[in-house]
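Q: I want to learn how to read this model feature by feature. Where do I start?

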Amino acid sequence: MVDEALNAAACTIDDIDAVAVTYAPGLIGALLVGVNFAKGFALAANKPLIPVHHLRAHIASNYISHKELKPPFLCLVVSGGHSHIVEVRDYTDMKVIGRTRDDAAGEAFDKAARAMGIPYPGGVELDKIAETGDENAFTLPRPRVDGSLYDFSFSGLKTAVINLLHNKQQKGEEYSVPDVCASYRRAVVNCLADNFLLAAQDLGYTTLVIAGGVSANSLLRRELQKRCEGKYRLYMPEKTLCGDNGAMVGAQAYYEYLAGHLAKSDLNAVATLPISENLF
């Protein structure tokens, strides 16, 4: 894979300045494979090793799409495993001000899709199907977290749509899958957009950014564009850069390198690590 990448870029190992690797957070098995390969590669090539936080890399995908974007800004990071509202004070200085208390938005999309028999990747397919449905066909809750205005909770919403489906099935009633998808998507997007824009208003941010796999969601992009028009400057990564990719890791690695965040040969994978922590 590395050989293919070098060939596609028309360069050699000698042209590479440093080796970057995602070391946290994530599934520990996958992280260990990447970290151990990167350590060996950096050692063999005599290159510095740069550790990169996965969520910081998602945010950095916007630096690829928008060369003019610079911190500070407020970012909504939404993916299969994470739903955060992050103050990006500088390229390597970040603070989480809102997070999910249970399921992430992407996980909630995937589980609802599975309950409807939609094939993997469920969230992506649900988004496509929802485009043909009526988002007002079903009434679903918009859960809030008492005492935490910017936090999310998607577990109850996910349960509500699953109960709706089971109820229909037990009664032998037919239902429109596109309508359920559209109604559910609207509920999730409203929760995300409402909290994100409330945080922006309260904290005085005028530059807003979204990142992560769910930032490719069609309704989320349209809804934020509509609500931000004339009030905020909104940045979104190209859809091809919303999911996990190597380019975003390289983009964030550049700023980690400038900040002096280099790893030694004892670098290890970490399954859980706040985006605000600098371990190096």
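Q: Is valine 19 buried or exposed?
A: Start with the cut-offs: buried is under 20% relative accessible area, exposed is over 50%, and partly exposed lies in between (1.4 Å probe, protein chains only). Valine 19 has a relative accessible area of 7%, so it is buried. The model is predicted: local features need pLDDT of at least 70, side-chain atom pairs count only at pLDDT 80 or more, and totals for chains, interfaces and linings use all residues. Residues are numbered from 1 along each chain as its sequence is written, and side-chain values use heavy atoms, with hydrogens and water left out.

Q: Which element holds valine 19, and what does valine 19 touch?
A: Elements are DSSP runs, numbered from the N terminus: helices are H or I with at least four residues, strands are E with at least two. Valine 19 sits in strand S1. Contact means heavy atoms within 4.5 Å. Not counting residues up to four places away in sequence, valine 19 touches Ala38, Phe41, Ala42, Lys47, Pro48, Leu49 and Ile50. There is a C-alpha to C-alpha distance to note too: valine 19 and proline 51 are 8.7 Å apart in space and 32 residues apart in sequence.

Q: Which residues does tyrosine 232 contact, leaving aside its neighbours within four places in sequence?
A: They are Leu197, Ala200, Gln201, Tyr205, Thr206 and Leu208. Tyrosine 232 lies in the loop between H8 and strand S7 (233-235). Its relative accessibility is 18%, so tyrosine 232 counts as buried.

Q: How far apart in sequence and in space are glycine 29 and alanine 269?
A: They are 240 residues apart in sequence and 8.8 Å apart in space, C-alpha to C-alpha. Glycine 29 is in helix H2. At 41% relative accessibility, glycine 29 counts as partly exposed.

Q: Which residues have a positive phi although they are not glycine?
A: Check alanine 10, with a phi of about 55 degrees. Alanine 10 is in the loop between helix H1 (2-8) and S1. At 70% relative accessibility, alanine 10 counts as exposed. Then check asparagine 46, with a phi of about 60 degrees. Asparagine 46 is in the loop between H2 and strand S2 (49-53). Its relative accessible area is 69%, so asparagine 46 is exposed.

Q: Which residues of helix H5 are buried, and where do they fall around the axis?
A: An α-helix has 3.6 residues a turn, so residues three or four places apart point the same way. In H5 (residues 122-130), the buried residues are Gly122, Gly123, Leu126, Asp127 and Ala130. Seen down the axis, they fall within an arc of 135 degrees, so they line one face of H5. The arc is that of the directions from the helix axis to the C-beta atoms.

Q: What do the buried residues of H5 pack against?
A: Helix H4 (105-115), helix H7 (177-203) and helix H8 (218-228).

Q: What is the angle between H5 and H7?
A: Axes are lines fitted to C-alpha atoms, for helices over the stretch in contact, and angles run from 0 to 180 degrees between N-to-C directions. H5 and H7 pack at about 110 degrees, with axes 8 Å apart. That makes H5 roughly perpendicular to H7. The classes are: under 35 degrees roughly parallel, over 145 roughly antiparallel, 65 to 115 roughly perpendicular, and the rest oblique.

Q: Which residues of H5 and H7 meet?
A: Leu126, Asp127, Ile129 and Ala130 in H5 meet Val177, Pro178, Cys181, Ala182, Tyr184 and Arg185 in H7.

Q: How do H6 and H7 pack?
A: Helix H6 (residues 155-170) packs against H7 at about 165 degrees, with axes 11 Å apart. H6 and H7 are therefore roughly antiparallel to each other. Leu157, Lys158, Val161, Leu164 and Leu165 in H6 meet Val180, Tyr184, Ala187 and Val188 in H7.
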